[in-house]
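The following exercises are to be worked with the sequence and the three-dimensional model at hand. Each task is followed by a solution in steps.

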Amino acid sequence: VISRSLSREAIRIIMNDLVQHGYGEWLDESKTQCRILWRKPEELATDIYAWATKSGNIGSVCTLYELHSGEDVHGMSFQGVDEEVLRRALSILEEEGKCAIF
C-alpha cells in the first residue's frame, strides 16, 4: 500500500484536464462528481460503425443490450460502456446518417 494522496485542488485540476480533452464530464454543477471516459463518444461511434461494417450488421437492427453486452461485441471498445455514453455515440452516428435510433 502506498500512503499518498492528492489535495482536492490537485484532483480538480486533473479532472478539469480530462474534461477539457473530452475524456471526462462533470456530473454535477458543483464539480464534485466526474465520469471518466475510456474513449470519447466520437471514438466509440467510429468503433461501433467499424464493427457494424465488419460484422455485416449495416442495415440490421441491434438492441442496446446487444451493443453493450452481446456475444458479438466481446472485446470491442464499446462493450460494457455506460449506457448514456453508448446512446451518445449512437446519436452521433444518427446525426451522420449511419444509423437510426428508435
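Contact means heavy atoms within 4.5 Å. The model is predicted: local features need pLDDT of at least 70 and side-chain atom pairs count only at pLDDT 80 or more, while totals for chains, interfaces and linings use all residues. Residues are numbered from 1 along each chain as its sequence is written, and side-chain values use heavy atoms, with hydrogens and water left out.

**Exercise 1. Determine where D47 lies, whether D47 is buried or exposed, and which residues it contacts beyond its neighbours within four places in sequence.**

Step 1. Helices (H or I, at least four residues) and strands (E, at least two) are DSSP runs, numbered from the N terminus. D47 belongs to helix α2.

Step 2. Buried means under 20% relative accessible area, exposed over 50%, and partly exposed in between (1.4 Å probe, protein chains only). The relative accessible area of D47 is 17%, so D47 is buried.

Step 3. With neighbours within four places in sequence set aside, D47 is in contact with R39, S77 and F78.

**Exercise 2. Describe what is found at the N-terminal end of α4 and what follows the helix.**

Step 1. The N-terminal end of α4 is capped by D82, with a side-chain oxygen 3.1 Å from the backbone nitrogen of E84.

Step 2. G97 follows α4 and has a positive phi, near 75 degrees.

Step 3. For α1 (residues 8-20), G22 comes just after the helix and takes a positive phi of about 85 degrees.

**Exercise 3. Identify the side chains joined to E25 by polar contacts.**

Step 1. E25 is part of strand β1, and its relative accessible area of 15% makes it buried.

Step 2. A polar contact is a pair of N or O atoms within 3.5 Å; within protein, one must be able to donate a hydrogen and the other to accept it, and residues adjacent in sequence count only if both atoms are side-chain atoms. The side chains of E25 and R35 are joined by such a contact of 2.5 Å, and those of E25 and R88 by one of 2.8 Å.

Step 3. Neighbours within four places in sequence aside, E25 is in contact with V19, Q33, C34, R35, L37, V85 and R88.

**Exercise 4. State the volume of the largest pocket and identify what lines it.**

Step 1. On a 1 Å grid over the protein atoms alone, a pocket is an open set of points where a 1.4 Å probe fits, with protein on both sides within 12 Å along at least five of seven lines; lining residues have an atom within 4 Å of a point. Grid points are joined across faces, edges and corners, and a volume is the space filled by probe spheres set on the points.

Step 2. The volume of the largest pocket is about 530 Å³. The lining of the largest pocket comprises 21 residues, of which C62, L67, L90, C99 and A100 are the closest to its centre.

Step 3. Two or more lining residues come from each of α2, α3 and α4. The greatest contribution is that of α2, with four residues.
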